[in-house]
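Subject: Handover of a structure

Dear colleague,

Please find below the structure that I am handing over to you. My findings follow it, and I would be grateful if you read them with the model open beside you.

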Amino acid sequence: MATWTWFHRLASPPHVYAFARRWTPWFGGFAAVAIVVALYGGLVMAPPDYQQKDAFRMVYVHAPTAWLSLMIYTTMAVAAAVGLIWRMKVAHAAAAACAPVGAWMTVAALGTGMLYGKPMWGTYWVWDPRLTAELVLLFLYFGYMGLRAGIEDPVKADKASAVLAVVGVINVPIIKFSVEWWNSLHQTATVMQMGKPKMDFDMLWPLLLMLLGFLLYFITVLLIRLRAELLRRERNASWVREVLA
Amino acid sequence: MNEFLDMGGYGKYLWPTFALGIGVVILNLLLALSSLKAAKLEARRRMEMSQ
Amino acid sequence: MFFMIVATLFPLTLTPEMSRLRDAAPGVLWIGALLSSLLALEFLFRDDAVDGTLEQFALSGQSLTWMLFAKTCTHWLLTGLPLALSAPIAAAALGVSVDAMPGVVASLALGSFAMSLIGAIGAGLTLGARRGGVLLSLLTLPLAVPILIFGARATQLAISGGDIAPPMYLLGAIAVLGVTLAPLAAAAAVRIGLE
C-alpha cells in the first residue's frame, strides 16, 4: 500500500512541485561540487594519454554531454510513454521539461565532438553512423519542441509529441551501438566494457565523477523546468495560490 | 602556467571545448531559472485577473 | 512529375559532365524521391480529415490501423512506385548505365515504400497543427535518415556494379519494421489529432 501512495504522490502536481523545490538546491550543490572536482582531476591531475597526449582531456566534456544527450532523450521518451499509458499530466510535464536541456546537450556534444575530432581525425565532421545519428537526435529534439509549439490544444500537444518521442527512441540504441555494429571513425566504448575498463584509474575517476556531476546537474535543471511547467499547466488550481503566496 | 594553457599544442581546441561544455551547462541553468520566474509571474497575473 | 523536374534540373545546375553526374546520381535520385514523398504526404490524410471520413472511420468498429496501412499503400502506389519506375529515365539523364537500372528501381521502390510508412506517422501527428507542412518535413526527416542512407548506398552500388544485397536487406528490414509498427503509430497519432 505504501507503493500506491508513492505512485499517487508522483502523479500529484503539488506534491511533485514541493519535492522539486525542496531538493533542487541539494542536487545543484552536489552537481557543482562534483563538476568542479572532476574538472580539476581531469585538467590538472590526470596524466596525458599515451596516444592522444593532452587532447584526450576533451573527453571530460565531450563524453558527459554526449551521454547526457542520450540519457535525456530516453528519460523524455519514458516520461512520454508513462504520460500516454497512464494519462499522467506530471509525466507529460516532465517530458516537456527534458526537451530544451536535451537539445542543448546534443548541440554541445556535436560541438565538442567537432573540436575533438579536428586534432584527432584531421576533420571537423565525417558522415559516420554515430555522428549522423547524433545529428538526427538533434532534429528529433527540434521536431518534438516544434510539434508541441505547433499544436494549440495542450492535451493534444502532449500526446502527439509523446508519440514522436517514443517513435524516435529507436535512434538512441543506434547511436549507442553504431560504433560496434559498423566500421566507424568514432572510438568504441572505453569505459562501459564488461570487466575491466580500458582506461587508467587516474584518468577514469574524473570522467566518472564528471558523468555523475552532469547527471546531478540534469536533475537540478529538470526539477526547475518541471516546476515551471507545472505552474503553467495548473492554471488556477488552489495549490498554485498557496505556493506563490 | 603557459604549458597548462597550451596543453601540448592542443590548447586551441581544448579550451573552446571546455568553454562550450561549461557554457551550455551554465546557459541551461539560467534558461531554466528564467523560465521558472516567467511561469511564476504569469501565474500571479492569472490569479490577479481572476480575483 | 516533380521528381522528373528535379532530376533534370540537377544536370543543368551542376555540370553537364557525365561522370560527375553519375557520382551524384544516387544522392539526386534519393533527395528527389524524399521531396516528392514529402509533398504527397501532406495530402495523405488532409482531404479525409477535412470532410470527416477519417473521423467516421475512427469511430466505426473497424481497425484504424489497417485502414491507415491501406492508405499508406495507396500513397506509395500513386507516388513512390511510379517514381521508382520512372527513375531509369532520370537516372539515364544523370549518366547511369542501363545494367544498373534494375538495382536503381528496386532500391527506390523499397525505400520509397518505407518512406511512405514513416511519413504516415508524421502526417498523422501534424493533422491539427499550424504550419503542418513544415512540421511534417521536420518530423519525417530524422526518421527517414536510415532509409536515405541505405537506399542511397544500394543505388550507389547498383550504379557502380557492386552487390546490392546487403543494403537491400537492411532496407527490407526497415520496411518490415515499418509495416509492423508505423501504421500503429500513425493510428495513435490520428486518434490524438481527432480528439
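In this predicted model, chain B has a radius of gyration of 21 Å, whereas a compact globule of 51 residues would have one near 10 Å. The C-alpha atoms of chain B fill a box of roughly 65 × 15 × 10 Å along the principal axes. The secondary structure of chain B consists of two helices and zero strands.

Helix H2 of chain B covers residues 11-50, which is 40 residues.

How much of chain B is buried? Of its 51 residues, 25% count as buried. In H2(B), the buried residues are Tyr13(B), Leu14(B), Thr17(B), Leu20(B), Gly21(B), Val24(B), Val25(B), Asn28(B), Ala32(B), Ser35(B), Leu36(B) and Ala43(B). When you look at the positions in that list, please keep one rule in mind: an α-helix has 3.6 residues a turn, so residues three or four places apart point the same way.

Against what do the buried residues of H2(B) pack? Their partners lie in chain A: helix H3 (59-86), helix H4 (89-121), helix H8 (201-233) and helix H9 (238-244).

The contact between chains A and B

This contact takes 34 residues from chain A and 28 residues from chain B. On the side of chain A that touches chain B, the elements giving two or more residues are H3, H4, H8 and H9 of chain A. H4(A) provides the largest share of that side, with 12 residues. By type, the residues of this side of chain A comprise 20 nonpolar, five polar and nine charged.

The contact between chains A and C

Here, 17 residues of chain A are in contact with 19 residues of chain C. On the chain A side, helix H5 (129-150) and helix H6 (154-168) are the elements that give two or more residues. The largest share, nine residues, comes from H5(A). The residues of this side of chain A divide into 10 nonpolar, five polar and two charged.

Chain C contains seven helices and zero strands. Of its 195 residues, 50% are buried. If one takes the contacts in chain C between residues at least 6 apart in sequence, 79% of them join residues at least 24 apart.

The largest nonpolar core has 149 residues. Which residues have the most contacts inside this core? They are Met58(A), Met76(A), Ala95(A), Cys98(A), Val163(A), Ala114(C) and Ala189(C). H4(A) gives the core its largest share, 18 residues. As for Ala114(C), its contacts beyond four places in sequence are with Ile147(C), Leu171(C), Ile174(C), Ala175(C) and Gly178(C).

Met114(A) is found in helix H4 of chain A. Leaving aside residues up to four places away in sequence, Met114(A) touches Tyr124(A) and Trp125(A). Met114(A) and Leu131(A) are 17 residues apart in sequence, and their C-alpha atoms are 9.6 Å apart in space.

Ala18(A) belongs to helix H2 (residues 13-45) of chain A. With 15 other C-beta atoms within 10 Å, Ala18(A) is partly exposed. Along the chain, Ala18(A) and Ile175(A) are 157 residues apart, and their C-alpha atoms are separated by 36 Å.

Confidence in the model

The predictor gives the complex an ipTM of 0.88 and a pTM of 0.83. Chain A has a mean pLDDT of 86, and 92% of its residues reach 70 or more. Within chain A, confidence is lowest in helix H1 (residues 2-11), at a mean of 72, and highest in H3(A), at 93.

Chain C averages a pLDDT of 76, and 78% of its residues score at least 70. Where pLDDT is low, the predicted coordinates should not be read in detail.

Yours sincerely

Notes
Residues numbered from 1 in each chain as written. Chains lettered and ligands numbered in written order. Predicted model: local features only at pLDDT ≥ 70, side-chain atom pairs only at ≥ 80, totals over all residues. Helix = DSSP H or I, 4+ residues; strand = E, 2+ residues; numbered from the N terminus. Expected span 1.5 Å × (residues − 1). Buried ≥ 20, exposed ≤ 12 C-beta atoms within 10 Å, placed from the backbone. Contact = placed C-beta atoms within 7 Å. Nonpolar A, V, L, I, M, F, W, Y, C, P; charged D, E, K, R; others polar. pLDDT = per-residue confidence, 0-100. Core = buried A, V, L, I, M, F, W, Y, C linked by C-beta atoms within 7 Å. Rg over C-alpha atoms; globule rule 2.2 N^0.38 Å.
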